[in-house]
Amino acid sequence: MRTALKYLALLGYIVFLAFPLVWLLSTALKTPQEMANLDPTWIPRRPTLANFADAFGEQDIVGSAARSLAVALASAVITVVVALPAAYALARFRSALNKVAIGWVLVSQVFPVILIIIPLFMVLRRLELVNTLPGLALVHVTFTLPFALWMLQGYVRAVPRELEEAASVDGAGRLRALASVVAPLLVPGVVATLLFAFISSWNEFLFALVVLKDPEVATLPLTLVKFTGPEGVVRLGPLAAASLLATIPSLAFFAVIQRRLRSGLMAGAVKG
Amino acid sequence: MRRWSAALAVAAVVLAAGCSGGGGDGGDAASDGPVKLRFLSLAWQKESIAANKQLVDEWNTANPKIQVEYVQGSWDNVNDQLVTSFEAGDPPDVIHDDSPALSGFASRGFLLDLSSTLPAELKGDIPQAAWDTVTFGDGKGGQGVYGVPFLQESQVLFANKKLLDASGVRVPTSDDPWTWDEFAAATKKMTKGGAYGVAWPMKSPVNKVLSLGLNFGGTFFTTEGGKTTVKVGPEEREVLRRIHDQLHKDKSADPSALGMGTADPLPGFFAGKYAIVPAGVYLRQQVAEQAPDGFEWVTLPPLKGVTAQQGATSQTLSVAADSKHPQESVKFISFFLNGPNQARLAKGDWLLPTSTAAAADPAMTTKDNFWDVATASAKNLVVAPYLKVNGYDEWKSKVGTPTLQEYFAGKISLDEAAKKLVEEGDKVLERYAQ
């Protein structure tokens, strides 16, 4: 009975999560007339691919998705590469600087983005990175880094210091202990941080809007917004079709990487 | 771990390859190459994008020395995008926006004053009432023309033909439009069998109400001695009260439509739940595209109070003050907005051209999709009084919108609404006057 209830709850949760995607799919396959029907149906009465044709015909969806993917992968990887050693240092070496650093990380999260966007643009211009994807990736790293650092620091703290000490007792140096003991235990944390950084960058709009000028470098959020008009009026069909495709790379990335998201590796590692 | 490191390395290589190929030059061509202009367009409807792109292509073919790059922006965030690029000194050369946004940009010196650079032909083709919508202070005590107005919108009525005919009311024409009294009587008659006579989508009520307010001479703002204050007198109250009466006294307007955006009542309109939906002329596109087979609809001309005047704003093309090629930009605008081209743009956006030559184009006067009614309504457009009010945007979002929504929802009286609009509004405007 308890198992059945658990499955029921799980089913409810899956339905809740799947609802927007299924609705998106249903909308993407509907004609404009059907979308304006007062009694909407899940299954389109006269399914059409015209919305996909419009979305792909009018806008460079594939190109902008590829650029978004490049930027998101870049910023996710760079974020983790930079944040991981910093997080280890923050978690393991206690000093007065730690508190200041952590305080600074938290403070940086409360700055309104709009305040720093113009100075940031000027810095990028000086570096000749305006209107380039590396420039955008750099901005994304800057803004994902504090929270990534915060996240990873928590994961590092969760790895008992005793495990490293045990490795030293067995003759491992610090680097060896890090590589063979700590690193494998941090994989779930790294994966979670990668996912966070990837999705933050994949969905990011405002910086992309300011940094990227030309259609040849536009990322996916900039392309999707082109289906919206004034006063919140949108071209729902093409927008749904394009948005549906926009979810695929992030779903694929998650599918590939999620197997590493396991917990319980350290259960029972330290007794007493 | 080794596999993991390898995956990271591969990802890094992929992204490096992806990134390195993507950068645009963004700058100008070599000195002996063609001049490059960046044109930020806000066209968003399928036909409109096609018309814009086609015009740019035609220009580029005919002008190999001045090449225009078409960049599509979005109404949703264009002003954020522009503020940052103006501040950073890297704006597009030719900018599509609407006249309410130009005032602030002009006073900060971001836009070029076009008054002495536009060709006489273009100046003469567009009536003064439209030029008034783009004439603003330059922030130094002078006045300038900061854009070329090219598309305008009037508020018309969309009616379900079957319900309209069944009600037996007089069908209005452009020469003899409905008065507000006739409109109220008609919507009362059409309210039966679960259907409402009218749906007022009031998610963004301010521009609509202020524009219609001119029907009774309501301007909502008054300027004396250089100081602008909010005014809600008998003239301003007329339209407010009449809409409120339809909602709460006659019960001929559906209160549940109040929270809707402009296009949201369409499903109910098509299902016969609403007989009439008041909206801008551009909504004809959505109605024509989305109406189910066999659904008959008509566009009725704007309502008349003391007059049929409505407040107009315009879509505009401007030149950035920081543009390196202002003369070439003006040349491009003059081509892009000539009479025949404005007709193509207006057709693509289902809006009204400001060009008198374009308004006479057969495509603008055909009975198909009620272009004749839409184009005839342009004669009622005068410059919206709020267009020249510093701080209007803040007044609208902080005071106007919530107060009007509360009033139409029946939560506060007309006196209370008027008091809020004036007292809280004046505080906002005062800040901008200092």
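Colleague: Where does Asn369(B) sit relative to helix H16 and H17 of chain B?

Modeller: Asn369(B) belongs to the loop that links helix H16 (362–365) to H17 of chain B. Bear in mind that we are reading a predicted model.

Colleague: How should I read the phi angle of Asn369(B), and what is its value?

Modeller: Start with the general idea: most residues other than glycine have a negative phi. In this structure, Asn369(B) has a phi near 50°, a positive value although the residue is not glycine.

Colleague: Why does Lys251(B) count as partly exposed?

Modeller: The idea is to count neighbours: 20 or more other C-beta atoms within 10 Å make a residue buried, and 12 or fewer make it exposed. Lys251(B) has 14 other C-beta atoms within 10 Å, so it is partly exposed. Asn369(B) has 16 C-beta neighbours inside 10 Å, and therefore counts as partly exposed too.

Colleague: How many residues do domain 1 and domain 2 of chain B bring into contact?

Modeller: On this boundary, 14 residues of domain 1 of chain B are in contact with 16 residues of domain 2 of chain B. On the domain 1 side, the elements giving two or more residues are helix H17 (371–376) and strand S16 (381–383) of chain B. H17(B) has the largest share, with 3 residues. By class, that side has 9 nonpolar, 4 polar and 1 charged residues.

Colleague: How do I read the sheet made of 6 strands in chain B, and in what order do they come?

Modeller: The order is S2-S1-S3-S14-S6-S15 in chain B, in an open sheet with mixed pairing. The edge strands are S2 and strand S15 (352–353), each of which pairs on one side only. To see one pairing, take strand S1 (residues 35–41) of chain B, which runs parallel to S2(B) and is joined to it by 7 bridges. Within that pair, Leu37(B) has Val68(B) as its bridge partner.

Colleague: What lies across S14(B), and at what angle?

Modeller: Helix H13 (residues 326–336) of chain B runs at about 150° to S14(B), and it lies across S1, S2, S3, S6 and S14.

Colleague: How many residues does chain B put into its contact with chain A?

Modeller: Chain B gives 42 residues and chain A gives 43. H1(B) provides the most on the chain B side, with 9 residues. That side has 19 nonpolar, 16 polar and 7 charged residues. As general background, the size of an interface is often given as the accessible area lost when the parts come together.

Colleague: What is the secondary structure of chain A?

Modeller: Chain A has 12 helices and 0 strands. Of its 272 residues, 35% count as buried. The C-alpha trace spans about 70 × 65 × 30 Å along its principal axes.

Colleague: Where does UniProt place a "transmembrane region" in chain A?

Modeller: An unreviewed UniProt entry places that feature at several spans, among them residues 7–25 and 102–124 of chain A. Compare the record with the model: residues 7–25 are 100% helix, with end C-alpha atoms 26 Å apart. Residues 102–124 are 83% helix, and their end C-alpha atoms also lie 26 Å apart.

Definitions and conventions
Residues are numbered from 1 along each chain as its sequence is written. Chains are lettered from A and ligands numbered from 1 in the order in which they are written. This is a predicted model: local features need pLDDT of at least 70, side-chain atom pairs count only at pLDDT 80 or more; totals for chains, interfaces and linings use all residues. Two residues are in contact if their C-beta atoms, placed from the backbone, lie within 7 Å. Helices (H or I, at least four residues) and strands (E, at least two) are DSSP runs, numbered from the N terminus. Ala, Val, Leu, Ile, Met, Phe, Trp, Tyr, Cys and Pro count as nonpolar, Asp, Glu, Lys and Arg as charged, and the others, Gly among them, as polar. UniProt positions are given in the numbering used here, feature names are shortened, and annotations may be inferred rather than shown by experiment. Two strands pair if DSSP finds at least two bridges between them. Axes are lines fitted to C-alpha atoms, for helices over the stretch in contact, and angles run from 0 to 180 degrees between N-to-C directions.
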